Amino acid sequence: MGRAIFIIAAAALAVGVIVYSLIECARTDSAEIRGLRKGAWIAVIVLLPVLGAVLWLFLGRPKGTAGTTGPVRGKGPDDDPQFLRNLEERRRQQEQAEKLRRWEEELRRNGGAAGPDDRPGGAGPSDGSSAGSSDGHNDDTPGSNRPPRD
């Protein structure tokens, strides 16, 4: 019984090596194959099953090919310079938006509701005061300490 299991295991191993060698030979680029041409190697593997497969593994495969070839690992997004530039630009834009939001919040807190003239680049008051008071009254009325706005 033990001898039968050994023979079956050896036959399965031989078939596995033959199939692996045949598939690998068929998938390998013709320019990379050493020794014979691709068709000749396939014929050797089929006509001399175990010996042909072993010869392919040791003499026909391209140099530098490992015993088991794993999948080629791709690059991650952090290896792409364009992705890193876009990421940095997005970070800068978020910082500027947050800075603007804090500035507008500070303007609302310190001088009442900020109007469109109080935004950066606007034609707001030059003395740093706001357009309206926090109680909702318009400061452009006669008798006000401020000059009227145009």
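1. Start with the contacts of alanine 26. In this predicted model, alanine 26 touches Lys38 and Ile42, once its neighbours within four places in sequence are set aside. Alanine 26 belongs to helix α1, which covers residues 2-27. Its relative accessibility is 42%, so it counts as partly exposed. Glycine 39 is 13 residues away from alanine 26 in sequence. In space, their C-alpha atoms are 8.6 Å apart.

2. Next, look at how α1 meets helix α3 (residues 49-60). The two helices pack at an angle of about 50 degrees. Their axes are 9 Å apart. α1 and α3 are therefore oblique to each other. The crossing of α1 past α3 is left-handed.

3. Which residues make that contact? From α1 come Ala14, Val17, Ile18, Tyr20, Ser21, Glu24 and Cys25. From α3 come Pro49, Val50, Ala53, Trp56 and Leu57. Sorted by class, the contact of α1 with α3 has ten nonpolar residues, one polar and one charged.

4. Now the aromatic rings. A search of the whole structure turns up one aromatic pair. It joins tryptophan 41 and tryptophan 56, with ring centres 5.7 Å apart. Their planes stand at 70 degrees, so the pair is edge-to-face. The pair links distant parts of the chain, 15 residues apart. Tryptophan 41 sits in helix α2 (residues 38-47), and tryptophan 56 in helix α3.

5. Are these two tryptophans buried or exposed? Tryptophan 41 has a relative accessible area of 5%, so it is buried. Tryptophan 56 is at 0% relative accessibility and also counts as buried. Trp56 is also one of the α3 residues in the contact with α1.

Key:
Residues are numbered from 1 along each chain as its sequence is written. This is a predicted model: local features need pLDDT of at least 70, side-chain atom pairs count only at pLDDT 80 or more; totals for chains, interfaces and linings use all residues. Side-chain values use heavy atoms; hydrogens and water are left out. Helices (H or I, at least four residues) and strands (E, at least two) are DSSP runs, numbered from the N terminus. Buried means under 20% relative accessible area, exposed over 50%, partly exposed in between (1.4 Å probe, protein chains only). Contact means heavy atoms within 4.5 Å. Axes are lines fitted to C-alpha atoms, for helices over the stretch in contact, and angles run from 0 to 180 degrees between N-to-C directions. Angles under 35 degrees count as roughly parallel, over 145 as roughly antiparallel, 65 to 115 as roughly perpendicular and the rest as oblique. A crossing is left-handed if the near helix is turned anticlockwise from the far one by less than a right angle, and right-handed if clockwise. Ala, Val, Leu, Ile, Met, Phe, Trp, Tyr, Cys and Pro count as nonpolar, Asp, Glu, Lys and Arg as charged, and the others, Gly among them, as polar. Rings of Phe, Tyr and Trp (its six-membered ring) pair if their centres lie within 6.5 Å; planes under 30 degrees apart count as stacked, over 60 as edge-to-face and the rest as tilted.
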